[in-house]
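Please look over the model below before reading on. The report then takes its parts in turn.

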Amino acid sequence: MVGMLKLAWVFLKIGVIFFGGGYVLIPLLHRILVDQMQWLTLKEFLDGVALSQLTPGPLAMLATFAGYKGAGLLGALVATVCIFLPGTALMLFISSRYERFRRIEAVNHFLDGILPAVVGLVFAAAFNLGRTSLTSARDFILLGAGFALLQFTAIAPMAVILGAAVVGLLLHFS
Amino acid sequence: MEKEIKTVRLREIAATFFMIGATGFGGGMAIVALIERRCVHDKGWLGQNEFMHGLAFGQILGPFSLNTSTFVGYYLRGTPGGLVAAASFIAPSFLMVSALSLLYFRFHELPELKSALLGSNPVVIALIVVAGIGMARRKAARLEAATVAVIAFAASTLFGTSALTVLVIAGCWGLWKGWRTGRLG
């Protein structure tokens, strides 16, 4: 068992460094959880990464997994809250400044400028995902079918995603 | 900057983000696409511009699916709204990981869910592309803006430029554009 305070402190610290985001997190978590704290073995760590990828939440759901290993369900809760707390607090702060600063003309110009760049980044995310997960004709057929359903029908996207997951399960995609 | 917000109830924020958090397999940008669909188009809670600003801030700070949820929640109902949206979004994943962890540490095996993800992954990409097309139509239709979008795309995919760098440079372009039109007008 791992002390709850220790658990909270370690994940708070990770949450602060986490601002960098995304895949910076894997080597960082590995160093802290496996090498320094030895809360997880290497195999558990890798399985935990795979497991947290199964959920819609961010990669940092690995905190839930490590917390569970260290101190059960309560540990999972403490670790999860702590890893997301710093970033969420900062995001709340930015959101609270947002409306105020928007009244400044220069800020508005700046914000207008980033809009098309956001469009580019959205497509970049799709491209990067596609580069790793579109490998066969089957994938492209699903992509096309999904696109048609989402673009031209009113079917809820959640239904389309879950439907595709069921197709994968039933046909034993591997 | 008049925004007409009918007060959205916290319960509705919670229900919406819980649903998104429970079904948005694919994570990251897929979640963002779902939030855009539900909150901007279906419910009209906030405008496209505000939403994309929130997404931009979220990208700078790490887990942007969570950050975008926080931003929308805050926009609607201040700090309680932001916290409710964030917690509701994370809750389903938390429950899933907890349940899977229990199985894992008891049986030392991962459940066979890989084939489900292999099925949903291409559709998730389609979802992101559809969201991207919608945003592009409204925000990158003119030549100059479209060029910025293409450059941002290329910088991110070809050169691995960080989102922060891309957004700051684009922001400076916006400043310059504003200054130029201000001078001409």
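## Helices α3 and α4 of chain A

In chain A, α3(A) passes α4(A) in a right-handed crossing. A crossing is right-handed if the near helix is turned clockwise from the far one by less than a right angle, and left-handed if anticlockwise. Helix α3 covers residues 42–53 and helix α4 covers residues 62–101. They pack at an angle of about 135 degrees, with their axes 8 Å apart. Axes are lines fitted to C-alpha atoms, for helices over the stretch in contact, and angles run from 0 to 180 degrees between N-to-C directions. α3(A) and α4(A) are therefore oblique to each other. Angles under 35 degrees count as roughly parallel, over 145 as roughly antiparallel, 65 to 115 as roughly perpendicular and the rest as oblique.

Which residues make the contact of α3(A) and α4(A)? From α3(A) come A:Glu44, A:Gly48, A:Val49, A:Leu51 and A:Ser52. From α4(A) come A:Leu62, A:Phe65, A:Ala66 and A:Lys69. Two residues are in contact if their C-beta atoms, placed from the backbone, lie within 7 Å. By class, this contact has five nonpolar, two polar and two charged residues. Ala, Val, Leu, Ile, Met, Phe, Trp, Tyr, Cys and Pro count as nonpolar, Asp, Glu, Lys and Arg as charged, and the others, Gly among them, as polar.

## How to read the model

This is a predicted model: local features need pLDDT of at least 70, side-chain atom pairs count only at pLDDT 80 or more, and totals for chains, interfaces and linings use all residues. Residues are numbered from 1 along each chain as its sequence is written, while chains are lettered from A and ligands numbered from 1 in the order in which they are written.

## Helices α1 and α2 of chain A

Helix α1 of chain A takes residues 4–17, and helix α2 takes residues 25–36. Their axes are 11 Å apart, and the packing angle is about 160 degrees. That makes α1(A) roughly antiparallel to α2(A). Their crossing is right-handed.

A:Val10, A:Ile14 and A:Ile17 of α1(A) meet A:Leu28, A:Leu29 and A:Ile32 of α2(A). The contact has six nonpolar, no polar and no charged residues.

## Domains

Chain A is divided into domain 1 (4–101), domain 2 (109–133) and domain 3 (135–174). These bounds come from an automatic or database domain assignment. The centres of domain 1 and domain 3 of chain A, taken over C-alpha atoms, are separated by 31 Å.

For chain B, the assignment gives domain 1 (10–121) and domain 2 (140–185). Here 28 Å separate the centres of the two domains, again over C-alpha atoms.

## Chain B as a whole

Chain B has seven helices and zero strands. Helices (H or I, at least four residues) and strands (E, at least two) are DSSP runs, numbered from the N terminus. The C-alpha trace of chain B spans about 70 × 45 × 25 Å along its principal axes.

Of the 185 residues of chain B, 54% count as buried. A residue is buried if 20 or more other C-beta atoms lie within 10 Å of its own, exposed if 12 or fewer, and partly exposed in between; C-beta atoms are placed from the backbone. Among contacts in chain B with a separation of 6 or more, 57% join residues 24 or more positions apart.

## Helices α3 and α4 of chain B

The axes of α3(B) and α4(B) come within 8 Å and cross at roughly 135 degrees. That makes α3(B) oblique to α4(B). The crossing is right-handed.

On the α3(B) side are B:Glu50, B:Gly54, B:Leu55, B:Phe57, B:Gly58 and B:Gln59. They meet B:Phe64, B:Asn67, B:Thr68, B:Phe71, B:Val72 and B:Tyr75 in α4(B). The residues of this contact divide into six nonpolar, five polar and one charged.

## Where the chains meet

How many residues does each chain give to the contact? Chain B gives 89 residues and chain A gives 80 residues. On the side of chain B, the elements that give two or more residues include α4 (64–107) and α5 (114–139). That side has 57 nonpolar, 29 polar and three charged residues.

## Two residues of chain B

B:Asn121 lies in helix α5 of chain B. With 28 C-beta neighbours inside 10 Å, B:Asn121 counts as buried. Leaving aside neighbours within four places in sequence, B:Asn121 is in contact with A:Ser133 and B:Gly26. B:Asn121 and B:Gly26 are 95 residues apart in sequence, yet 6.4 Å apart in space, C-alpha to C-alpha.

B:His41 is found in helix α2 of chain B. B:His41 is partly exposed, with 13 other C-beta atoms within 10 Å. The C-alpha atoms of B:His41 and B:Phe25 are separated by 20 Å, and the two residues are 16 apart along the chain.
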